[in-house]
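Dear colleague,

Please find below the structure that I am handing over to you. A summary of the findings follows it.

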Amino acid sequence: MTGTSIKGFILIYAGGTGTMEKLTYEGGGYNVLTEKEISQIHETSIKVLENVGFEINYPPALEIFEKNGATVDHQRHRIYVTRDLVSRCVKQAPAEFVFYGRKEGNDITIGGKKVNFGTGGLALYVLDLERNKRPGEIHDVAELARLADRLEYLNFFINPLYPHDINIETVDINTRYQSLLNTGKPIMGGIFSKQGLEDSIKIASIIAGGLEKLQRRPFIGFISSITSPLKISAEQAEYIMEVARYGLPLATSTAPAAGATAPITLAGTLVQQNAEALMGIMLSQLVNPGAPVLYSAVPITMDMRTMSFLMGSIESGLMNAAITQMAHYYRLPCYLTVGTTDSKLPDAQAAHESATTGMLAALAGGNFIHEAFGMLDGALTVSYAQYIIDNDIVGSCLRTLRGIEINQDSLAYDIIAKVGPGGNYLSEEHTIKYMRTESFAPQASDRQPYQRWLDAGSKDSWKRAEELAAQFLQEPSDPIIPPEIDARVREEFPELVTVEKGDGLHWETESG
Amino acid sequence: MGDKIIERIVENVLQGRRNKDDEGIEEDYIGEPGVAELVQEALDNGIDTNTILLEGLSKGMEQVGEKYETGEYFIPDMLTAAEAVEAGMTVMEPHLASEGGSGGKGKVIMATVEKDLHDIGKNLVSIMLKGAGFNVVDMGIDVPAARIVEAAEEENADLIGLSALLNTTMTNMEDVVKELDKKGLHDKVKVIIGGAPTSDDFAAEIGADGYGKDAFAAIRIAENLIQAGGTK
């Protein structure tokens, strides 16, 4: 095993195969906002929080704000906070935290300008490997988690699918448990009921060997939601307060749509988005100072002709980059949303929307970039093949962050002198030393000469991605939860379903 | 003279101007009479309500629909136009009542289903239905199935329009259909659904009578269902 240090990134590659341990990547080179503009957005958001206020129809939340000096109009459930309270809460929130994996090399640090990409969304449909669009089922959750576990540039897993074959009362624990069973990467997910939240924490505690161990090294987190404009529903406020009390990683997702639930101007949407993200930070920090919470953003635009939410618009990418700068300004870890396309198929539109928005978020230095894998049709459909294509796209974004290594050896004067005019570099040691790490190798892209591509069946990237997904899902994998723990969990939660490996592999022949 | 007023009603519907204080889509309109003032003027000049409705308000909305189809108009343009029509209808209402008019094309109960707090799409369809001449009762958001059906019964409605944005709440639409079936009202009261996660297939699956992919589709389907039912 050899190791090379490049610009602070540790590359460890075994033998000559080029397989590497997890690298960490930093962004922050792209600034869509000037410092003055950041401050203008901040000041306007403060004015909104002070004068317009926000609504939480949940008495315990109103009380905790009132106790901390906010002005509360109990009749209208309206809260008005001062700039001091905002800055106190922002300071109390951790600037970064570690989100743990349950397999070696899967821990991630969220904060600063560190960049992590992962899954997310809540699709209704699956575009499967036979190209059928059908309602999602629990076996898809299991298969997608297993695929996520296998993909190199995917750092965390948020269940992206609502399974239609599961009763809504047990959706929380069934989706969470299939995620925990099938990937060792950090896991997050939405909340469908208070009971589901409590039960999910119980299950994770059994796996961790106790609640305290889970709290010390959290490997699951939760996503609550804020309703744009400027409102937290009673049940979501309760979830935020409960997750904060447990001290587990929390996102307070809010999706202002420019033109519909936020001003049409990107600047106005950023002001409101910023105020809403700060509302989430405040509520969590007032309940439990220091609890890990993400400055959360899903800023999107609206097609004013059709009223479709546009997840893949370039303006959404721009706003995600801007909101990253706001999070950096507050020294808060951020939760972003890019890489989802409005296209219905893994086509050219899907690729360019995923790539352009993903690249903007990466360059900006977004910390916890979710929904970046597999989401089509504005996140209503999840595609196995798009998971593979997006792994290539995210890989390219991360390669971009690695930049160009400049040092004595990479500048290569000696080797240029040795080869001299008219020679070639093919068999030089210097070439062999760098050729596996200098260039990124996308898996679903075609880079062959024309005749070879023709002979291999003239496939496009969608087809190649399907074949790769099928291949990855067929690979044997070790159980991530030991059988005795699995038995204990299932004893306590008999409503957990069992998914046989291969249930979702529709591309298998019937006899197979 | 009369033609001139009717033309100006059409023009002001296209500009989305409810009254003289509205800006309009193009500039230089402030202070000019809007749809409400023009309808009043038309009535004062003895133009009959039918002409105002068909040649003025409805014709304006038709042109708005055409501009939407060609991509010239966006949803907010359409909304302000529908609001302008509504303002005109309000002025006409006492006259329609005294003429013994039926109060429009039919009565529609609109609601966002239980546990869903999203109202933009529902409000939009409500306004457009009003603009198209329907009598709309908007029950708001997070409305339980039983209450929706009760209201339909009390109001003697022809249609129920249901909205949901969440995949977790769209299933509550089925409860409304079941409740109607249970009470034996489904023959009389038809159900149209809409909202991002819904589809033709989903409508068929839950036994709804129609799915509107947008507000114009909703109007078309509402008109067809009422004609087919022959209730008005």
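Two residues are in contact if their C-beta atoms, placed from the backbone, lie within 7 Å. This is a predicted model, in which local features need pLDDT of at least 70 and side-chain atom pairs count only at pLDDT 80 or more, while totals for chains, interfaces and linings use all residues. Residues are numbered from 1 along each chain as its sequence is written, and chains are lettered from A and ligands numbered from 1 in the order in which they are written.

Leaving aside neighbours within four places in sequence, the contacts of A:Leu250 include A:Phe222, A:Ile240, A:Val243 and A:Leu294. A:Leu250 belongs to the largest nonpolar core, of 153 residues, and is among the members that touch the most others, as is A:Ala469. Such a core is a set of buried Ala, Val, Leu, Ile, Met, Phe, Trp, Tyr and Cys residues joined through C-beta atoms within 7 Å. A residue is buried if 20 or more other C-beta atoms lie within 10 Å of its own, exposed if 12 or fewer, and partly exposed in between. Another core, of 73 residues, lies apart from the largest one and includes B:Ala82 and B:Val189.

A:Ala469 is also one of the buried residues of helix H17 of chain A, along with A:Leu468 and A:Phe472.

Yours sincerely

Notes
Helices (H or I, at least four residues) and strands (E, at least two) are DSSP runs, numbered from the N terminus.
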